[in-house]
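I opened my notebook to go through one model entry by entry. Here is what I looked up, in the order I looked.

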Amino acid sequence: MAVRTKLWCRSLLAVSLLFCILLQTMDVHARPANMSAPKDKSPPSKDDNEILPPDHLNGVKMEMDGHLNKDFHQEVFLGKEMDEFEEDSEPRRNRKKLIEIFTKVDFNKDRSVSAKEMQRWIMEKTEEHFQEAMVENKNSFRAVDPDGDGHVTWDEYRVKFLASKSFSEKEIAEKIKNNEDLKLDEETQEVLESLKDRWFQADNTPADQLLNEQEFLSFLHPEHSRGMLKYMVKEIVRDLDQDGDQKLTLSEFISLPVGTVENQQAQDIDDDWVRERKKEFEDVIDSDRNGIVTMEELEEYMDPMNEHNALNEARQMIAVADENQNHSLELDEILKYSEYFTGSKLMDYARNVHEEF
């Protein structure tokens with residue numbers, strides 16, 4: 001009896017262990033291909049944010065991984081005021097703020113916003129994002145240039161990067177100095193190789209294998225440099241281009257990367273993703289409407305300081321809310337479609353609009 005009980009306990013323990021292993025191998029945040037990572041994922045550390053190129057670039061239409069920027073409209077409409085329109089912020093305060101923005105966009109004070117006025121505003125807000133990036137870059141550069149000589153070598157940056165990943169800064173620096181094997185895991189090594197390629201791309205001619213503050217800005221924010229913007233476009237095309245012709249067809253642009261769709265809700269989300277990319281490809285990116293997007297077309301599309309793009313964007317934004325079809329926006333229209341422009345839905349948007357205005 002004792003032996004049987006002992007065997008039963010061992011069997012139960014084995015089953016329990018197997019169940020735990022299965023749970024660990026399951027993706028509890030399973031999601032359809034192409035979707036962003038779960039929002040409850042731990043945010044990067046402060047050091048990571050300081051010295052790593054961001055995945056998301058404010059005011060740029062496409063993410064670094066080739067996904068469309070879902071917040072682009074809000075970024076180019078609100079500029080540095082984006083944080084003021086939180087989802088849980090007070091609707092009346094948001095309405096008042098939006099009215100203030102409307103009066104600023106309405107440059108000629110005729111109580112309507114034309115495409116030219118919206119274009120001018122978009123360029124101003126994009127410039128705000130540029131200025132924010134430059135301020136942040138000063139702090140980032142200071143973090144990787146502790147001796148303050150105004151230049152950073154790849155090895156200096158590599159030490160700081162690995163230190164941000166919990167490696168011993170002193171030990172890594174010593175190993176690099178002695179040309180020893182750093183014994184990095186495969187994932188970290190891949191990230192380093194990608195960063196190294198990007199680093200030397202940001203090193204302007206004549207290349208000296210050193211980055212100054214301006215070059216480091218281009219390393220973190222490719223939208224600030226025409227050369228680095230080309231590099232970013234090249235990387236995106238490389239990831240999406242299936243036949244190696246360095247161009248993108250519609251099917252390549254909308255195709256789902258390797259991954260499975262786990263349920264109908266996920267399938268619906270991916271269907272929306274495909275529809276959005278198809279519309280963007282056909283209506284905006286493919287400027288000559290020949291069904292092929294070249295690197296030059298994608299570069300023009302992604303250039304945040306392209307005035308022609310800003311005008312097209314202004315027209316699209318107006319078309320979304322232009323209920324009376326007069327090709328301009330009135331205050332009541334922009335308030336009604338506040339969620340599109342600010343990400344924050346206003347309740348009773350029309351209440352006392354004219355009195356407040």
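**Ground rules.** This is a predicted model, so I took local features only at pLDDT of at least 70 and side-chain atom pairs only at pLDDT 80 or more, while totals for chains, interfaces and linings use all residues. Residues are numbered from 1 along each chain as its sequence is written, and side-chain values use heavy atoms, with hydrogens and water left out. Helices (H or I, at least four residues) and strands (E, at least two) are DSSP runs, numbered from the N terminus.

**Helix 8, length.** I looked up the span of helix 8, residues 186-202. The expected span is 1.5 Å times one less than the number of residues.

**Helix 8, sides.** Next I asked which residues of helix 8 are buried. I used under 20% relative accessible area for buried, over 50% for exposed and partly exposed in between, with a 1.4 Å probe and protein chains only. Thr188, Leu192, Leu195, Arg198, Trp199 and Ala202 of helix 8 are buried. They sit on the same side of helix 8, because they cover an arc of only 130° around the axis; the arc is taken from the directions from the helix axis to the C-beta atoms. Glu186 and Glu190 are exposed on the other side. The cover over the buried residues includes strand 1 (152-153), helix 6 (154-164), strand 2 (210-211), helix 9 (213-220) and helix 10 (226-240).

**Helix 8, start.** Here I found a side-chain oxygen of Asp185 within 3.2 Å of the backbone nitrogen of Glu187.

**Cavities.** Grid points are joined across faces, edges and corners, and a volume is the space filled by probe spheres set on the points. How many cavities of 30 Å³ or more does the whole structure hold? The search finds two. The largest cavity has a volume of about 100 Å³. Its lining has 15 residues, and Lys61, Phe72, Asp303, Pro304 and Asn309 lie nearest the centre. Helix 14 gives the most to this lining, with three residues.

**His129.** Is His129 buried or exposed? His129, in helix 5, counts as buried because its relative accessibility is 6%. The side chain of His129 reaches the backbone oxygen of Glu75 at 2.8 Å. Setting aside neighbours within four places in sequence, I listed the contacts of His129 (heavy atoms within 4.5 Å) as Asn58, Gly59, Glu75, Gly79 and Lys80.

I noted a cis peptide bond from Thr205 to Pro206, with omega near -5°. Pro206 is in the loop between helix 8 and strand 2. Asn179, which is not a glycine, has a positive phi of about 60°. I placed Asn179 in the loop between helix 7 (169-177) and helix 8, and it is exposed at a relative accessible area of 72%. Arg289 also has a positive phi, near 55°, and lies in the loop between helix 12 (264-285) and strand 4 (292-293).

Methods: Polar contact = N/O pair within 3.5 Å; in protein donor to acceptor, adjacent residues only side chain to side chain. 1 Å grid on protein atoms, 1.4 Å probe; cavity = no way out; pocket = protein on both sides within 12 Å on 5 of 7 lines; lining within 4 Å.
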